[in-house]
Amino acid sequence: MNTATKATTAETANANTPSQATDELAVQMIDVNKWYGEFHVLRDINLEVMRQERIVICGPSGSGKSTLIRCINRLEEHQRGRIIVDGVELTEDIKKIEEIRRDVGMVFQHFNLFPHLTVLENCTLAPIWVRRMPRREAEEIAMHFLEKVRIPEQAHKYPGQLSGGQQQRVAIARALCMKPRIMLFDEPTSALDPEMIKEVLEVMVELAESGMTMLVVTHEMGFARQVADRVIFMDQGQIVEMNTPEEFFSNPQSERTKLFLSQILH
Amino acid sequence: MSSNTRHIAFHRDEMLPPQPPPPATTGVLGWMRRNLFSDWFNTLLTFIGLYIIWLIVSWLVKFALLDAVFTGEDRNACLPRDGVEVGACWAYVQARFNQFMDGFYPSAQEWRYLLVYAVGIALLVPLLIPKAPGKTINALLLFVAYPVLAYVLLYGAPSLGLPIVETTQWGGLLLTLVIASVGIVISLPLGIVFALGRRSQLPVLRFLSIAFIEFWRGVPLITVLFMSSVMLPLFLPEDVTLDKVVRPLVGVALFAAAYMAEVVRGGLQAIPKGQYEAAQALGLTYWKMMGLIILPQALKLVIPGIVNTFIGLFKDTSLVSIIGLFDLLGIVQASLADPKWSTPTTASTAYLFLALVYFFFCYGMSRYSIFMERYLHTGHKR
């Protein structure tokens, strides 16, 4: 990115638990299996995500990539295996689930902003009600992140008055206001008009450069090349291939990966 | 072919500024031309419609105003003159007005319920105006302090120098308003609780909610009222006596709560799954998610249904007249039997009066609901 964004990155990295050593595990998935009824959607998933690592997950629709990251904050329940997030294992215990959700931000394909609240209220709601932060402080933090995603002037509008790209940037700011240690992105640009994809990707690149731990389900291969530490290709509920972006794109190993890449890179 | 090739390339350097629409399509005249007189058939329908409206309005004006009797001491004022029937006998309504308003409430104590009305309006109006400040205190006063005050004033407290007025003496519009407002205030929160219960993951809670809703929806309100007034005392120990007004009051409130629960459930189902997921992903607990994200949107969606239930409840209060309570309808009907005012138009006048009073309250609720819908509209699309 440009120099202006470089200047802001160090600051965000500091805000993001500088005490954590980079070799620490952020997410650990061990033999994770999940079924939707009879359908075996995740099969023996083993994945370790380091702190500050950026992972891009791609694959055909129905391959289980969204399900995988939704298991990390328990929007989906896994039926076998273990998932450990930030040193806390996900079990039935709702207290632990809520604890993990506080520290894991998520950005959805369809933004899922709260339409009855203004942009600012969307951003301050969780800090006030979950983190019990004073309103004034929450609003300062919200404005800080709204400036980061370059829409502070929209703070008092309702989500319905914004474009798709703006809404998605608000959604990113809303997640960041909780000062998460891990960010999950579930196809963040798939529902956007072509003209708006870039503005969202730029924000995500800046976030990646600030040292955030990120798991991103996306088909934006340019983004994967630019920021990913690892690219994961999934098919039929399994991890088929995993490699650095350079190797993944220039020298894919499995036939399935080659076919997939030949179909999306034209 | 040659004409096509000439126009293949095109480009624009200046964008066209927006222009106003052609005048014939806007304004009152444009609207009328499009909607009322677009062709000969529509024009015909317009004139037939106007004629029907004229028939009704002219009859109503003639009956209620032109031929009406406004003053008089007894039935003689409203008897046919020279064989021609007079219009509405407002003199009778005037003579009975006090009774229609409060039933058999002692005249010397009338100030008590008038004070209850005044305080009620003073607390309700600012709560209904969205921009008025102090909503929390206002709501606390209205829903916690006010019921106590209203009870003390209406029923009485000898220690405060207010003689007891038994509920059997309550009647008329006063009784109707008491039953309706208590029913409204109880049925909405109770309905929300049962709607949430019916969608709960906990089987016992879900079963209890379904059982409650289906039971109360499955029996007619008249049955509920008869059960509460005739059967309930048989099941209770002899020394326990439930007040004659409280019993149907509870029945009406629970009955409306069951309907309310289904209305609210409809709203809950209309909220996209993504809203739940976004709230959960932020770490909100179930109650915070419901209270801050889901219910505000769901209730807004079903304002028409909620107000529909309120209006239904308001009118259903008239059914208590069949178990011996003299609500507005009951007391008006009872007064019709009085030979002092027996004239050919007394009954028509009485029912016209009733219709006007009920319409005033129901239409008021309806207009307010439309206002709230517009006010809460935040321009979002789903």
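Guide: Let's start with a term: a polar contact is a pair of N or O atoms within 3.5 Å; within protein, one must be able to donate a hydrogen and the other to accept it, and residues adjacent in sequence count only if both atoms are side-chain atoms. Across the interface of chain A and chain B, the rule finds six residue pairs in polar contact, both residues at pLDDT 80 or more. On the side of chain A that touches chain B, helix H3 (94–103), strand E6 (104–107) and helix H4 (119–129) each supply at least two residues; helices (H or I, at least four residues) and strands (E, at least two) are DSSP runs, numbered from the N terminus. That side of chain A divides into 14 nonpolar, five polar and six charged residues. Here Ala, Val, Leu, Ile, Met, Phe, Trp, Tyr, Cys and Pro count as nonpolar, Asp, Glu, Lys and Arg as charged, and the others, Gly among them, as polar.

This is a predicted model: local features need pLDDT of at least 70, side-chain atom pairs count only at pLDDT 80 or more, and totals for chains, interfaces and linings use all residues. Residues are numbered from 1 along each chain as its sequence is written, chains are lettered from A and ligands numbered from 1 in the order in which they are written, and side-chain values use heavy atoms, leaving out hydrogens and water.

Now for the charges: the rule finds one salt bridge across the interface of chain A and chain B, where a salt bridge is a side-chain nitrogen of Lys or Arg within 4 Å of a carboxyl oxygen of Asp or Glu. The side chains of A:Arg70 and B:Glu277 form that link, at 2.6 Å from N to O. In total, 25 residues from chain A and 22 residues from chain B take part in the contact, which counts heavy atoms within 4.5 Å.
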